[in-house]
Number of protein chains: 2
Amino acid sequence: MKEVVTGIDIGGTNTVMGLVDRDGNILAEASLLTTSYPEVQGFVDAIAGAVSDMRKKAGDVNIRGIGIGAPNGNYYKGTIEQATNLVWRGIIPIADMIEKKTSVKVVLTNDANAAAMGEMIFGAAKGMKDFIVLTLGTGLGSGIVVNGQMVYGHTGFAGELGHMVIVPGGRACGCGSHGCLETYASATGLVRTVLLLLSEMREETPLRKVSPAELTSKMVAEAAAKGDPVALKAFDYTADKLALGIANSVIFSSPQAVFLFGGLVNAGELLFKPLREHINKYVMPWYRGRFEVLPSGIKEHNAAVLGAAALAWNEIL
Amino acid sequence: MKEVVTGIDIGGTNTVMGLVDRDGNILAEASLLTTSYPEVQGFVDAIAGAVSDMRKKAGDVNIRGIGIGAPNGNYYKGTIEQATNLVWRGIIPIADMIEKKTSVKVVLTNDANAAAMGEMIFGAAKGMKDFIVLTLGTGLGSGIVVNGQMVYGHTGFAGELGHMVIVPGGRACGCGSHGCLETYASATGLVRTVLLLLSEMREETPLRKVSPAELTSKMVAEAAAKGDPVALKAFDYTADKLALGIANSVIFSSPQAVFLFGGLVNAGELLFKPLREHINKYVMPWYRGRFEVLPSGIKEHNAAVLGAAALAWNEIL
């Protein structure tokens with residue numbers, strides 16, 4: 001009988017899951033439309049059903065645990081708290097509910113922490129005791145590992161590097177503050193930067209022909225790849241702010257590496273080249289060459305499920 | 001026979017030490033003039049002699065270990081590395097040398113980490129698993145505890161919050177970078193701020209009558225206590241920069257408390273009142289009220305020795 005865990009990633013739109021062995025092989029997969037379940041209990045029942053189906057599909061397996069990555073997930077309490085992109089309001093004891101329904105031990109954390117766990121157990125951070133994962137998506141999430149342990153802090157919600165204030169009094173952030181890192185270094189931040197640059201620069205660019213509401217980071221990356229001056233400058237500006245956030249994180253926990261994950265990272269050297277330059281500008285000289293900034297070692301397609309599964313394996317081992 | 005440890009704080013000018021029991025009582029004290037020993041071996045011999053004298057003085061004690069706080073102390077290796085304010089150049093294996101000479105187990109870290117240990121074992125952080133200590137002296141040192149453990153990081157030199165870049169391209173720092181927190185939030189930073197304000201403001205103040213080379217943070221604090229407008233504004237400016245550093249640290253590790261230690265803290269509400277206001281301005285709203293900013297619970301006079309002793313006790317227990 002093969003030992004596996006279930007990794008579940010709860011997203012605003014989709015929930016994806018899989019049975020994952022200790023080597024990171026996904027033996028069965030399933031997904032649900034999160035928005036189809038206005039009541040949490042209906043969602044929990046559907047999860048249990050999907051897990052049962054996967055178990056049948058995978059054959060002779062023993063499910064040792066369930067790991068969940070969820071927005072605003074509280075590791076200490078197993079709850080999802082005030083998640084603005086989920087339909088369920090308030091504090092949801094989702095881990096207990098799924099544990100009761102499946103009779104399998106459940107552990108939960110937020111999605112960025114799960115990504116860091118995935119990196120540690122299955123990805124490029126294997127064997128590292130001190131590292132940071134930054135997920136550059138719509139916002140900027142982060143998972144921090146210190147001394148081989150996830151940093152949860154006193155509240156359970158440590159590691160909100162997307163809300164490091166990079167520009168005092170700067171861009172309005174969804175969190176209620178101003179100048180947060182994620183308002184600059186994220187897919188939406190990149191688009192905001194293009195709008196700023198369009199206000200300042202006179203260069204011709206196809207980006208002027210797209211409405212701000214429709215402009216995406218992918219369009220900006222495509223334009224940059226063709227040498228568009230506004231798009232290139234937008235990447236440089238983004239890299240500058242991200243570099244400041246990384247430099248200030250490195251002097252906090254002195255990680256061996258900082259891993260970048262998510263859509264923006266696909267831009268490759270368009271992002272990494274200016275990023276390395278700006279990091280060297282900001283970081284305390286002593287730290288230069290004493291850490292690396294690398295792309296994640298986990299394939300984006302599987303990352304959410306592997307991260308949640310890694311959380312479960314880490315708890316068991 | 002009473003169980004004690006020896007706490008040793010190596011400073012650029014003086015080295016102070018004491019025998020400390022598990023409750024933080026200092027049973028005997030001694031000190032050396034660090035600068036009197038151009039050769040490390042001579043210094044080590046003098047340390048061993050002083051420990052031996054203290055042991056006689058204290059009577060029936062068993063020295064369980066020696067803890068050392070030192071500038072640029074490397075916990076992993078027990079070395080002092082490239083300390084600019086000590087006479088010994090290069091990498092000094094001071095822990096091994098003292099261990100060989102005294103036949104007692106030695107553990108070493110930098111002075112700010114020792115201060116954090118002192119706070120955890122003997123001070124206001126007793127029972128806390130997640131907290132940060134900032135020492136506001138000539139520079140700004142920091143010790144970070146996550147999950148009950150000191151954060152040393154991959155290099156052993158984590159927790160250099162004094163070199164968080166607060167103002168990109170700002171004040172030149174001794175580390176070679178610009179705009180570091182300690183160029184604003186420290187005794188010397190306060191003095192630099194007074195000079196800036198004297199260039200901008202027209203108000204009468206006795207601070208204009210002191211040469212910049214002679215101006216001290218104590219004079220600024222005394223002027224502020226008397227309502228001097230430039231001195232008061234200097235404290236507000238300092239508090240603003242320190243608040244940004246604290247806000248960005250809190251979202252990293254979500255500590256239960258941030259403790260402030262050192263000369264500047266003696267200014268009391270002159271510093272703490274504007275500090276609280278500016279922190280609330282910067283920190284992600286969710287964190288408001290979820291951490292405290294407090295003065296250290298350790299008396300300044302004993303802090304260095306107690307911190308070093310706490311390091312030893314923590315290693316033994």
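This report covers a helix pair, a chain contact and a sheet in a predicted model.

## Basis

Residues count from 1 along each chain as its sequence is written, and chains are lettered from A in the order in which they are written. In this predicted model, local features need pLDDT of at least 70 and side-chain atom pairs need pLDDT 80 or more, while totals for chains, interfaces and linings use all residues.

## Helices 6 and 7 of chain B

Helices (H or I, at least four residues) and strands (E, at least two) are DSSP runs, numbered from the N terminus. The axes of helix 6 (residues 229-253) of chain B and helix 7 (residues 269-282) of chain B come within 8 Å and cross at roughly 45°. Helix 6 of chain B is therefore oblique to helix 7 of chain B. Axes are lines fitted to C-alpha atoms, for helices over the stretch in contact, with angles from 0 to 180 degrees between N-to-C directions. Oblique angles are those left after under 35 degrees (roughly parallel), over 145 (roughly antiparallel) and 65 to 115 (roughly perpendicular).

Residues in this contact include B:Phe235 and B:Leu242 of helix 6 of chain B, and B:Leu271 and B:Tyr282 of helix 7 of chain B. Contact requires C-beta atoms, placed from the backbone, within 7 Å. The residues divide into 13 nonpolar, one polar and two charged. Ala, Val, Leu, Ile, Met, Phe, Trp, Tyr, Cys and Pro count as nonpolar, Asp, Glu, Lys and Arg as charged, and the others, Gly among them, as polar.

## Chain A against chain B

Each chain gives 35 residues to the contact. Helix 6 (residues 229-253) of chain A supplies the largest share of the chain A side, seven residues.

## Sheet in chain A

Five strands form an open, mixed sheet in the order 11-10-9-12-13. Strands pair if DSSP finds at least two bridges between them.

Definitions and conventions:
Contact = placed C-beta atoms within 7 Å.
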